[in-house]
Amino acid sequence: MDFNTILQLFDSAVRLSTPLLLACLAGLYSERSGIFDIGLEGKMLAGAFAAGAMSAYAGMPVTEGGLGMTWGMAWMGALAAVAVSIVLALIHGFASITLRGNQLISGVAINFFAAGSTVLIGQYWFQSGGQTPPLRGAQRFEAITLPFAKTLEGVPILGPTYHDLISGHNALVYMALLAVPLTWWLLFRTRFGLRLRAVGESPEAVDTAGISVVRQRYVAVLIAGVLCGLAGAYLSLGTSAAGFVKDMSAGKGFIALAALIFAKWQPKSALFACLLFGFLEAIGNRYQSIDLGAFVVPVQFMQALPYILTVVILAGFIGKAIPPAAGGEPYVKER
Amino acid sequence: MNKGLPKWADIILIPLLSLTLAFLVSGLIVMFIGENPIEAVKVMLVGEFGDSGAFGRFGIGYTLYYTTSFIFTGLAVAVAFHARMFNIGGEGQAGMGGVGVATVLLSVAWPHWTIAIVAASLGAMAFGAAWAAIPAYLQAKRGSHIVITTIMFNWIGSALIVYLLVGPMQAPGMVPETVGFSAGSSIPTLHEIFPAFDKHAPANVSLFLALFAAVGVWVLIWKTRLGYEIRAFGHSEKAAIYAGIKPVKIIMVAMLVSGALAGMMAVNTVQGEAERLILDTVQGAGFVGIAVALMGRSHPVGVVLAAFLFGVLYQGGSELQYIGIPREMVVVIQALVIMFVGSLENMVRIPVERAFVLFNKGAA
């Protein structure tokens, strides 16, 4: 394996881990506040559809009934994705915070709702089997070339690394990476973060201090909605798919959930977990099977590895993953 | 919880009101995509061409075929619910049940279907239960959250099945499937027993196995000491432990039974319909089981009725494509049912409880 191949692998690992990272951080906010979220997948899928549909509509000429925009369509799409994802997040919040219903069942329902309604509405609007029209140019998030990338390309090792690996991704990739330190700062260095973590560990204590548990949890669920929406927008506007395709989230929401547990609900570890899972996917995409001499590792094993690793972590044999203490428990105020 | 709420209101009124809400919202969605909901219901029930709706002569054979699968997966979720375990892994367990069925049926040339179905059932149950065993053990011994581990096992299972079907178990050729089962293992369809059913409909004798399983679950949960322990554990883990009930045993038993029931679905789909192992035999039935168990209040009678309702929805829903509604409408209806009957239940329950309190005050 030469240097270029390794660089390409890492490059696609970054691309593949971006939606995982955004969804994983979404889950982190939600679960840190005590609300389980297995609806990451659904919110992401709905976001992907909304982004694809909105971007297509925004870029369509006025004569054909569109908005006829020539720039910024991708951002319109991202906004739509965030809006739709927030609506689903609010349904989840209403069910699990206000009505104190079962958070897991709510998540399952949201996943199904997204899987069905995106195809249903997509077929109604675009008549092509649930797909949105192919997107071009500013309808998608285009690669950003960082300063000096071209100039430095000639420098051995560092040049190509900077040019191919660090530069040349789209805005959402950099946003996802920036979201990691931001999340850490927000959760561990601000009053807001302290309260958010506290409602996930001991809501009674927060309530006693005169802070609204309901409000804190709604805010956390809303942030999760925003991040899932961006993850979705990345899928339909930031990858080579160039539009929405039926079921395009393909289990990424669950890998993100796995990464969250693997990372033990820590932002920095979440970044490494998502990069690792993205890297595994990149290897799986590039090699059908890996010949280790003594035996051959089938590609399906690589695909299952994130889930296997998560089960191992959950089993507590390699470090223990301890979820937020009040996770999944509706809070009933004492009367 | 149920202050002032009679039992019938809890097990019949509230689910029916929630279901009505789910159907109303589904109707609104049908209107949103520019179709007529009344027309849609008609097509679902009687079919666009007369006999393929959910109750048509042709369609009913499919309705009952889906019902069979949903009874198994619904019972699976229900048994686990009684021990307060949320088994979301029916999808993986049913998939592995298919591997069990295929392994058994491909190993011997079975002389007659009556023997083959017993052997295949044992294989399905063993593989289904085995796939539930690791998450169950991790929950019981290490406290790993069963929901997360069963989700992970769904994905691990689907990767494993793909591996088997493009590798060790693949028939010669490029198609990811096993060779067909021998003729002796082919189980009779309902048409062969009751000629009134259409010849091509896939419903088969495993429907009776499903009904038998429902009776079995009823006996297990309400008529045996073990069932009593499962329910006691589900009500209050602390009280159960105080009463000498062993949590590890209850979690393991409940989950193994649950996995075995989910695996049994493969007798219907793999042995009864496909007659070889193909990719994606479960098709979401594991998840439908969640909706079915919620609707049916985890009682076998309720589960059978709810499974039939979803059978009607599935067959009827596939008819909708003939009037321009994609069959994903079924998935949306399913989502809304899970939502309104499951997570949003308190939206109905709280007003109903208040109404009963008012009513009781008025009467007194």
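In chain A, the loop between H10 and helix H11 (252-262) contains A:Ala250, helices and strands being DSSP runs (H or I, at least four residues, for helices; E, at least two, for strands) numbered from the N terminus. The model is a predicted one, in which local features need pLDDT of at least 70 and side-chain atom pairs count only at pLDDT 80 or more, whereas totals for chains, interfaces and linings use all residues. Residues are numbered from 1 along each chain as its sequence is written, chains are lettered from A and ligands numbered from 1 in the order in which they are written, and side-chain values use heavy atoms, with hydrogens and water left out.

Although A:Ala250 is not a glycine, its phi is positive, at about 40 degrees. A:Ala250 is exposed, with a relative accessible area of 54%, where buried means under 20% relative accessible area, exposed over 50% and partly exposed in between, for a 1.4 Å probe and protein chains only. Helix H11 of chain A also takes part in a helix pair, since the axes of helix H1 (residues 3-32) of chain A and H11(A) come within 8 Å and cross at roughly 60 degrees; axes are lines fitted to C-alpha atoms, for helices over the stretch in contact, and angles run from 0 to 180 degrees between N-to-C directions. H1(A) and H11(A) are therefore oblique to each other, given that angles under 35 degrees count as roughly parallel, over 145 as roughly antiparallel, 65 to 115 as roughly perpendicular and the rest as oblique. On the side of H1(A), the contact (heavy atoms within 4.5 Å) involves A:Pro19, A:Leu20, A:Ala23, A:Cys24, A:Gly27, A:Leu28 and A:Glu31, and on the side of H11(A) it involves A:Lys252, A:Ile255, A:Ala256, A:Leu257, A:Ala259 and A:Leu260. These residues of H1(A) and H11(A) comprise 10 nonpolar, one polar and two charged, with Ala, Val, Leu, Ile, Met, Phe, Trp, Tyr, Cys and Pro counted as nonpolar, Asp, Glu, Lys and Arg as charged, and the others, Gly among them, as polar.

Within helix H10 (residues 213-237) of chain A lies A:Gly229, which is buried, with a relative accessible area of 0%. When residues up to four places away in sequence are not counted, A:Gly229 touches A:Ala81, A:Val82 and A:Ser85. The C-alpha atoms of A:Gly229 and A:Leu45 are 8.5 Å apart in space, while the two residues are 184 residues apart in sequence.

In chain B, helix H1 (residues 7-32) and helix H15 (residues 345-363) pack at an angle of about 130 degrees, with their axes 10 Å apart, which makes H1(B) oblique to H15(B). The residues of this contact between H1(B) and H15(B) divide into 10 nonpolar, one polar and three charged.

Helix H11 (residues 247-274) of chain B has 28 residues and reaches 39 Å from its first C-alpha to its last, close to the 40 Å expected at 1.5 Å a residue, the expected span being 1.5 Å times one less than the number of residues. Of the 28 residues of H11(B), 21 are buried, so this helix is largely enclosed by the rest of the structure. Just after H11(B), B:Glu275 takes a positive phi of about 60 degrees. B:Arg297, likewise not a glycine, has a positive phi of about 55 degrees; B:Arg297 is placed in the loop between helix H12 (285-295) and helix H13 (300-319) of chain B and is partly exposed, with a relative accessible area of 23%.
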